[in-house]
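Please look over the briefing below alongside the sequence and the structure.

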Amino acid sequence: SSHISPTNSLVTEFILMGFPGIHSWQHWLSLLLALLYFSALLDNVMILLTIWQETVLHQPMFHFLAVLAQVDMGLSATIMSRILPILWFNARTISLPECFFQIYAIHVFVGLESGIFLCMAIDRYVAICHSLRYPSVITESFVLKATLFMVFRNVLLAIPLPILASKRIYCPRNEIDHCLCSNLGVTSLACDDRKANSIFQLSVAWILTGSNVGLIILFYALILWAVLKLHSAEAASKALSTCSSHIILILFFYTAIIVLSITHIAKKKVPLIPVLLNVLHNVILPGP
């Protein structure tokens, strides 16, 4: 019965299997990942310091970039705090509460990243399509309210994920074919019905990421439409150049998520690829 509390589960901890089939050279991989992680961390710290020190950068667009840098740091810290101990000390066991918390944190940060991309798309849309109204619409107050809305939305909507995962009964398998706790990876070990988990995961993914993607595409389509109507090639080029870096970041972020989803489905054929892709996606984040 799914109503049995998790204390009745036969499993008291999970074992993260890490990267399949690379135990002989995992230390070299750990050095590469640590290097990538610390360089990404340094990049984000430099971005934050630059935005904070340069008065000319005290603009809404750069405030969103600063928020994105902090989200990136939070997500990569959540991931790497588990991966490096696995690779360095073979510390594979993870308690159930810690595993469920990691599921929650990853969903919150990924959702936040997607939400901040939407805020940046709105910023560029108003700047290009309603440039005269930009100073009165995209204010510091707007940045604060939009950021807080994204934070509360993701923090609240992700709460049922770890709760539903903790309600499952885990027996007798406790080995996760990954180096982090993902919702589907963990609940696939449950020996009772996990349909509610899968349905809720898909619903949250659709509500958060799906709505964000739809709106981002809409705003950039409106921007492109406005730019195409400009008679000056120079003005069109200038307008598009302010969006190009955002579009590259957004494409990288969503392409990585799509690739991860596909490889997750096909993981029985290529177990190393989805695990490595997932880690690289979360460590080499599309920093501003």
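The points below cover annotated spans, a helix pair and a sheet. The model is predicted.

**Annotated spans**
- An unreviewed UniProt entry carries the annotation "transmembrane region" for residues 28-52, 64-89, 101-122, 142-165, 204-227 and 247-266.
- In the model, residues 101-122 are 100% helix and 0% strand, with 32 Å between the end C-alpha atoms.
- Residues 142-165 are 92% helix and 0% strand, and their end C-alpha atoms lie 36 Å apart.

**Helices α3 and α8**
- Helix α3 (residues 96-129) packs against helix α8 (residues 195-228) at an angle of about 20 degrees, and the axes are 9 Å apart.
- Because angles under 35 degrees count as roughly parallel, α3 is roughly parallel to α8.
- The two helices, α3 and α8, cross in a left-handed sense.
- On the α3 side, the contact residues include H107, G111, S114, F117, R124 and Y125.
- On the α8 side, Q201, T209, N212, F219 and Y220 are among them.
- Sorted by class, the contact of α3 with α8 comprises 15 nonpolar, 7 polar and 1 charged residues.

**The sheet**
- Three strands form an open sheet in the order β2-β1-β3, and the pairing is mixed.
- β2 (93-95) and β3 (175-176) are at the edges with a single partner strand each, so one side of each has no neighbour in the sheet.
- Strand β1 (residues 13-16) and β2 run antiparallel and are joined by 3 bridges.
- E13 has S95 in β2 as its bridge partner.
- Helix α3 lies across β1, β2 and β3, at about 85 degrees to β2.

Conventions: Residues are numbered from 1 along each chain as its sequence is written. This is a predicted model: local features need pLDDT of at least 70, side-chain atom pairs count only at pLDDT 80 or more; totals for chains, interfaces and linings use all residues. Side-chain values use heavy atoms; hydrogens and water are left out. UniProt positions are given in the numbering used here, feature names are shortened, and annotations may be inferred rather than shown by experiment. Helices (H or I, at least four residues) and strands (E, at least two) are DSSP runs, numbered from the N terminus. Axes are lines fitted to C-alpha atoms, for helices over the stretch in contact, and angles run from 0 to 180 degrees between N-to-C directions. Angles under 35 degrees count as roughly parallel, over 145 as roughly antiparallel, 65 to 115 as roughly perpendicular and the rest as oblique. A crossing is left-handed if the near helix is turned anticlockwise from the far one by less than a right angle, and right-handed if clockwise. Contact means heavy atoms within 4.5 Å. Ala, Val, Leu, Ile, Met, Phe, Trp, Tyr, Cys and Pro count as nonpolar, Asp, Glu, Lys and Arg as charged, and the others, Gly among them, as polar. Two strands pair if DSSP finds at least two bridges between them.
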